[in-house]
Amino acid sequence: MGRRREPRRATQPVGAESYYGRPILKEPTWTWEIPVYFFAGGTAGVSAVLAAAGRLSGNEQLARRATFVNLAAITVSPPLLISDLGRPDRFLNMLRVFKPTSPMSVGTWVVSGAGTAAGVAGACELLGILPRVRTAAQTVAALLGPFLSTYTAVLVADTSIPAWHEARRELPFVFAGSASASAGGIVAALTPPEAAGAARRLAVTGALLELAATEVMERRLGFLGEPYHQGEAGMFAKLSKALSAAGAAVMAIGGRRRGGAVLGGALLAAGSAADRWAVYRAGFQSARDPRYVVQPQRARVRERAQ
Amino acid sequence: MKLIASGTVNGGASKPLSWPEAYGEDAGPRLGFFTDTSVCIGCKACEVACKEWNLVPEDGLDWTGDSLDNSQELSAETWRHVAFVEQQAPLRLEDGTATLSADGGAVEGEGFRWLMESDVCKHCTHAGCLDVCPTGALFRTEFGTVVVQEDVCNGCGYCVPACPFGVLTKRHLPDPARGGKEDGRVWKCTLCYDRTRDGIEPACAKACPTDSIQFGPLDELRERADARLEKLQGEGWNGAQLYGRDPGGPVGGFGAFFLLLDKPETYGLPPDPVDPTTHLGECWRAALAAGATIVAGVALAFLGGRS
């Protein structure tokens, strides 16, 4: 394999936890497009809710910008998803079926629906036409938004990878917080400060939720949460926490000025993106180490035997 | 558009399966493998026969440096993998001694033995790969086996981390039919679907010179395995145990199960695998709650400004 290995004994001790220390699971084949999509899709979903709420409350300035953020974020999503496929030309095979047992199938339909709605709403907004159609499209986008922002957590949790699967109860909250922080932050940065109060508040509470849910997740995972503290995942997790905390502070303190909102929004978006990258890489690290697979499973077997 | 309701959604080990119900009168017997590692001699005829029959491309022979393993692991290019374990432990124990350690593995003692095991896709009763496949490329055949349709798979890769055994991978080798661009699809053991449909046994089982790999209706194989285990235990074979035989056990039992001479992890097999989709209900409930949190957060953000 070209890699330099430690010299080793040919025999494997009795009671060994794995086959010569080799991994049991396979690492995901997903490439950089997937965590970038998690960020873009999450941002799109919460922006759609923000846009609808802005319109409902009569805040047209905020609603307009949130509509465009939603449109921009969801427009980049399908190309990312398609380019990750081993056979991009067969993308449409996803749309031949609806399969409730597959979060990816469910998600494909959510993205398709939310994307269409965002496209219609964005076009009407831009051209200033068909206000009723715009409202209808915006409502659909806002209803699908929360799913769009959180189903990606289900997507990774519904695998055999311990750092993902065993985090299934917390990951959706991590993603919800992360998406609220990025969407709130970006919309706050783009909206005149006097109209951006709601976006600022959402950005700050989103970051706090992201930090709190991550903390709970890491604690509850215990030994299985090691990947979130080690290697590349650990580095990005740390970076994410620093960026999100700094972004929340800047947004809370200086967000009433445009400069503060832009800086805070940028920090929050970066923190959110780093968070998705950390989760993505943690899955790879978790798959690589057979101890994470064997130890909890062996403990279960032992428990059942008692 | 087709609605595919395959496998289990929510922890329902007893939920209806797509086999045999979906096939009605066309359903065949559930076919499988019983791999009895106690007679495996590590000849790798199964690996070679599989590659030849299924036209699985060459992907190099890479010695692990651990015993005689040169095919490393199951993958898109290796549908049978022979694991070799060299162990300082007796092959058999004195009459009357328990053949399992307290931890369910082999008993330590004087001696040396070679364990050889021809690993393969387990064709799970509750198959994670099949549950998560978004295109329906993975399907359950009339024999209850799990097969990837190469003309449907779009290489999304979801089945790869879903499999609790690490069986599936994407093929990165160039595909001549695509002008040398990478194949990009997922491949795995089909239990020789093309042969079984014609009533012929799979290539690996046909080639196995010691009948370590046995093929047939699963019910029959289970009976045979039970008798074999009883015999080996009676003869004091160290660590002898069945893995994946029990329909009430992990993933609802394997279509391809094993007789091992140590606990599963020794061979790189998970001791208590779970179909991740078993917990899908829990995942969605958390996502719904998190989605509601987003809506609440946005509502509070707007209400907070008015006060």
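Q: In what order do the elements of chain A run from the N terminus on?
A: In this predicted model, the elements of chain A follow the order α-α-α-β-α-α-α-α-α-α-α-α from the N terminus.

Q: How many helices and strands does that come to?
A: Chain A has 11 helices and 1 strand.

Q: What is the radius of gyration of chain A, and what does the globule rule give for its 306 residues?
A: The radius of gyration is 21 Å, close to the 19 Å from the globule rule for 306 residues, so chain A is as compact as a globular protein of that length.

Q: And what does the C-alpha trace span along its principal axes?
A: For chain A the span is about 75 × 50 × 45 Å.

Q: What share of the residues in chain A is buried?
A: Of the 306 residues in chain A, 60% are buried. As for contacts in chain A between residues at least 6 apart in sequence, 76% join residues at least 24 apart.

Q: Turning to the contact between the chains, how many residues does each one give?
A: Chain A contributes 78 residues and chain B contributes 77 residues.

Q: Which elements of chain A supply at least two residues each to the side that touches chain B?
A: They are helix 1 (33-56), strand 1 (97-98), helix 4 (103-127), helix 5 (131-157), helix 7 (171-190), helix 8 (197-221), helix 10 (258-288) and helix 11 (290-305) of chain A.

Q: Which of them gives the most?
A: Helix 5 of chain A does, with 8 residues on the side that touches chain B.

Q: How does that side of chain A divide by class?
A: The side of chain A that touches chain B has 40 nonpolar, 23 polar and 15 charged residues.

Q: Moving to chain B, is helix 1 largely enclosed or open?
A: Helix 1 (residues 45-54) of chain B has 7 buried residues out of 10, so the rest of the structure largely encloses it.

Q: Which residues of that helix are buried?
A: The buried residues in helix 1 of chain B are Ala45(B), Cys46(B), Glu47(B), Ala49(B), Cys50(B), Lys51(B) and Asn54(B).

Q: What covers them?
A: The cover includes strand 3 (80-87), strand 4 (113-120), helix 5 (203-207) and strand 9 (213-217) of chain B.

Q: What follows helix 1 of chain B?
A: Leu55(B) comes after the helix, and its phi is positive, near 55°.

Q: How do strand 3 and strand 4 of chain B run, parallel or antiparallel?
A: Strand 3 and strand 4 of chain B run antiparallel and are joined by 8 bridges. Within this pairing, Ala83(B) stands opposite Glu117(B) in strand 4 of chain B.

Q: Is strand 4 of chain B mostly covered or uncovered?
A: Strand 4 of chain B is mostly covered, with 6 of its 8 residues buried.

Technical notes:
Residues numbered from 1 in each chain as written. Chains lettered and ligands numbered in written order. Predicted model: local features only at pLDDT ≥ 70, side-chain atom pairs only at ≥ 80, totals over all residues. Buried ≥ 20, exposed ≤ 12 C-beta atoms within 10 Å, placed from the backbone. Helix = DSSP H or I, 4+ residues; strand = E, 2+ residues; numbered from the N terminus. Contact = placed C-beta atoms within 7 Å. Rg over C-alpha atoms; globule rule 2.2 N^0.38 Å. Nonpolar A, V, L, I, M, F, W, Y, C, P; charged D, E, K, R; others polar. Pairing = 2+ DSSP bridges.
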